[in-house]
Protein chains: 2
Amino acid sequence: MDKKILMVIIDGLADRPIDGKTPLSSAKTPNMDKLASNGINGIMDTISPGIRPGSDTAHLTLLGFDPYQCYSGRGPIEATGAGIDILSGDVCFRVNFGTVEGEGSVFDKTVTDRRAGRISETDELVKAINENVELDVDFIFKRGTGHRGALVIRGEGLSDEITATDPKSIGKKVKKCKATRDKGEKTAQIVNSFMEQAHRILDQHPYNKEREKEGLMKGNVLLLRGVGLTPQVPSFEERFGMKLGVVAGTTLIKGVGKFLKGDVITPPGVTGGKDTDLSAKIEGCIEALETHDFVLLHIKATDEYGHDGDFEGKKAFVESVDHNIKPLMELDPQEVLLILTADHSTPIMVKEHTADPVPVIISHEGVRVDDVSAFSEFEAYKGGLCRIRGRDLVNISMDLIDKSQKFGA
Amino acid sequence: MDKKILMVIIDGLADRPIDGKTPLSSAKTPNMDKLASNGINGIMDTISPGIRPGSDTAHLTLLGFDPYQCYSGRGPIEATGAGIDILSGDVCFRVNFGTVEGEGSVFDKTVTDRRAGRISETDELVKAINENVELDVDFIFKRGTGHRGALVIRGEGLSDEITATDPKSIGKKVKKCKATRDKGEKTAQIVNSFMEQAHRILDQHPYNKEREKEGLMKGNVLLLRGVGLTPQVPSFEERFGMKLGVVAGTTLIKGVGKFLKGDVITPPGVTGGKDTDLSAKIEGCIEALETHDFVLLHIKATDEYGHDGDFEGKKAFVESVDHNIKPLMELDPQEVLLILTADHSTPIMVKEHTADPVPVIISHEGVRVDDVSAFSEFEAYKGGLCRIRGRDLVNISMDLIDKSQKFGA
């Protein structure tokens with residue numbers, strides 16, 4: 001069997017100390033510590049020192065892609081995640097179904113809810129949009145989970161140099177899309193026409209009329225943001241010659257996987273939330289290794305606990321992850337190179353992503369095992385990897401399983 | 001109050017060991033050691049490994065600017081330091097008043113002193129140059145301290161692809177300015193015309209006649225070097241959104257501060273030399289923190305002791321710095337992020353700048369405090385920062401005070 005790479009990314013895992021301790025450093029993590037003992041350790045700047053990563057840009061980087069070249073906003077990632085097969089040159093948006101009230105044009109109306117009362121059944125509304133909106137260019141509109149969706153505009157001469165229509169807070173009017181440079185003018189006009197037509201269709205739609213009767217908020221506006229022009233990006237397999245599998249429950253990470261043309265695997269019970277079935281995820285991951293050369297396993301909830309500022313919750317979840325990853329420890333280290341790391345820090349005291357470097361372990365037959373024997377922010381930097389960049393991780397790992405090409409003679 | 005950043009740069013502080021010791025490692029530095037204990041430590045390549053930094057390029061880098069893009073020679077920095085408001089496209093020179101003897105054109109004469117006997121009163125001479133030299137383009141000539149000055153040539157189609165007129169040693173003839181590429185031809189002609197006119201004006205000037213009578217050397221030639229074309233560079237505040245204050249006594253560093261449109265602060269008694277009033281400097285620095293978001297404190301004399309090859313002098317000055325920075329240690333670590341580092345090494349045994357990395361401490365609430373408990377070349381690399389680049393220091397610090405932007409979602 002060919003050697004495989006398994007990259008386990010625990011989202012927002014790393015932290016800043018409070019009274020000298022972090023959730024990770026204070027959690028009991030016998031399995032992770034054993035991995036640290038058996039592997040080579042270091043710290044890693046996912047993007048570069050001092051640059052706060054998003055989860056999307058971080059994952060692209062950890063998969064060996066330069067986000068400054070292949071990331072143009074969240075739109076293309078979300079559109080891919082929603083199942084749209086985007087092409088180079090497409091202009092993509094994240095979409096929320098929202099609620100507006102008032103008279104006149106959609107841009108004269110006020111946003112009363114940015115999630116349309118957490119509307120969840122949007123199939124009929126999406127169908128009505130796709131059947132009735134008429135633009136000078138093609139478009140694809142798909143729903144995501146809940147109130148979410150993605151819009152792709154496809155045609156000649158489109159540009160992402162335009163502004164969002166989502167005012168980002170309630171009580172404000174829907175924003176007109178404006179060009180930030182001359183070449184965005186045409187696209188801005190198309191977007192504004194889409195906004196107006198979509199609102200008219202949604203506001204009159206029988207499903208919304210019914211919601212209104214029931215005292216629910218109408219999903220009568222589409223709020224667009226995260227615009228991005230789809231860049232030309234090779235697939236992961238084209239770039240590295242390895243078949244990619246992404247085991248994830250979170251839409252954004254699934255989007256990254258699809259964006260790089262990997263297989264996205266979401267075993268039953270995997271939610272991408274605090275309630276996810278970790279053991280199902282690990283099982284799915286081990287299965288995925290049989291049919292893929294490179295598997296990325298994404299575990300989300302640590303980041304949520306970080307955003308919530310919940311030290312004890314984060315610590316307990318880390319312990320649960322440690323408990324559940326035991327089967328990964330039993331994979332043959334001659335066959336599978338195992339990476340354990342995070343995409344960024346989400347410190348309890350900041351409740352947001354920060355650029356503090358993350359600890360990283362690489363475990364495989366033949367790595368230069370160092371003296372580090374615990375997985376934590378306070379031990380990792382003492383390891384044999386010193387301080388590396390996220391962008392180099394795939395190359396380092398491919399080299400360790402003897403799959404990299406020689407440069408020179 | 002918004003959080004602030006204070007970057008203390010001890011010029012040429014780092015060294016190479018002699019009998020296993022450096023001035024820094026052998027100096028008694030209880031305050032710096034305490035800072036090391038409370039902070040996160042590392043070593044830093046100011047520009048990049050093996051590249052010997054100038055103090056100007058090093059400071060530009062430490063302030064987050066790429067010297068390969070924004071540094072074109074010392075001319076623009078000196079001109080700014082001399083108080084000239086330089087514009088993109090200006091050609092700038094460092095100038096020395098020198099002494100020449102001989103017959104004929106200025107370029108047939110021999111330099112007998114490169115500092116005109118350390119002439120110090122040059123106001124009248126500078127005035128005569130500005131009033132009487134006639135060029136096809138505009139120029140600004142200002143005096144600096146002592147025999148120093150700065151020249152700026154401003155007009156269409158100028159180039160810095162020309163050679164210096166300063167022969168750099170005595171007993172040699174003044175050098176004709178030559179184009180190193182075709183596009184420098186016009187500028188070289190202008191410079192040579194300036195050289196000739198300036199010499200005629202200075203040689204006949206009553207003040208020089210008087211010096212001659214008194215047996216002093218005439219300041220009868222302007223020796224030009226360090227030519228540079230002013231690049232288009234945003235201000236520090238434009239780039240980072242923080243108001244910059246630079247506390248310094250040295251012309252070159254003041255020039256860097258003004259070049260990035262920071263406020264330059266030189267408290268009374270601060271000379272930029274071995275005799276500087278360190279306590280006045282520290283006081284000025286603490287005051288500057290009240291009105292600026294980012295303060296750079298520059299301490300010069302360590303570099304001079306290095307250039308002199310004076311181990312004991314350097315060690316004693318380090319101890320004096322340690323004693324004087326005590327008030328900085330008492331700043332609230334929740335409010336002020338404190339960086340202690342150097343711009344480069346100036347080893348006793350080399351007497352020049354070297355690229356040996358410098359130790360760096362970052363101290364602030366929330367940094368991952370490591371095991372390092374002394375500030376020295378032999379301890380710093382064991383710290384949690386590992387090895388970083390000077391260019392990343394502002395980004396890392398902004399992230400730690402939660403002022404950086406997220407890239408991605």
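Visitor: Is Lys168(A) buried or exposed?
Guide: Lys168(A) is exposed, at a relative accessible area of 52%. Exposed means over 50%, buried under 20%, partly exposed in between (1.4 Å probe, protein chains only). This is a predicted model: local features need pLDDT of at least 70, side-chain atom pairs count only at pLDDT 80 or more, and totals for chains, interfaces and linings use all residues. Residues are numbered from 1 along each chain as its sequence is written, chains are lettered from A and ligands numbered from 1 in the order written, and side-chain values use heavy atoms, without hydrogens and water.

Visitor: Where is Lys168(A) found?
Guide: In the loop between strand E7 (148-154) and helix H7 (185-203) of chain A. Helices (H or I, at least four residues) and strands (E, at least two) are DSSP runs, numbered from the N terminus. Lys168(A) has a positive phi of about 65°, though it is not a glycine.

Visitor: And what is the phi of Asp402(A)?
Guide: Near 60°, also positive in a non-glycine residue. Asp402(A) sits in the segment after helix H15 (393-400) of chain A. Asp402(A) is exposed, at 62% relative accessible area.

Visitor: Switching topic. Asp303(A): buried or exposed?
Guide: Buried, because its relative accessibility is 2%. Asp303(A) lies in helix H12 (residues 301-308) of chain A.

Visitor: Which residues does Asp303(A) touch?
Guide: Asp11(A), Gly12(A), His344(A), Thr346(A) and His353(A), leaving out residues up to four places away in sequence. Contact means heavy atoms within 4.5 Å.
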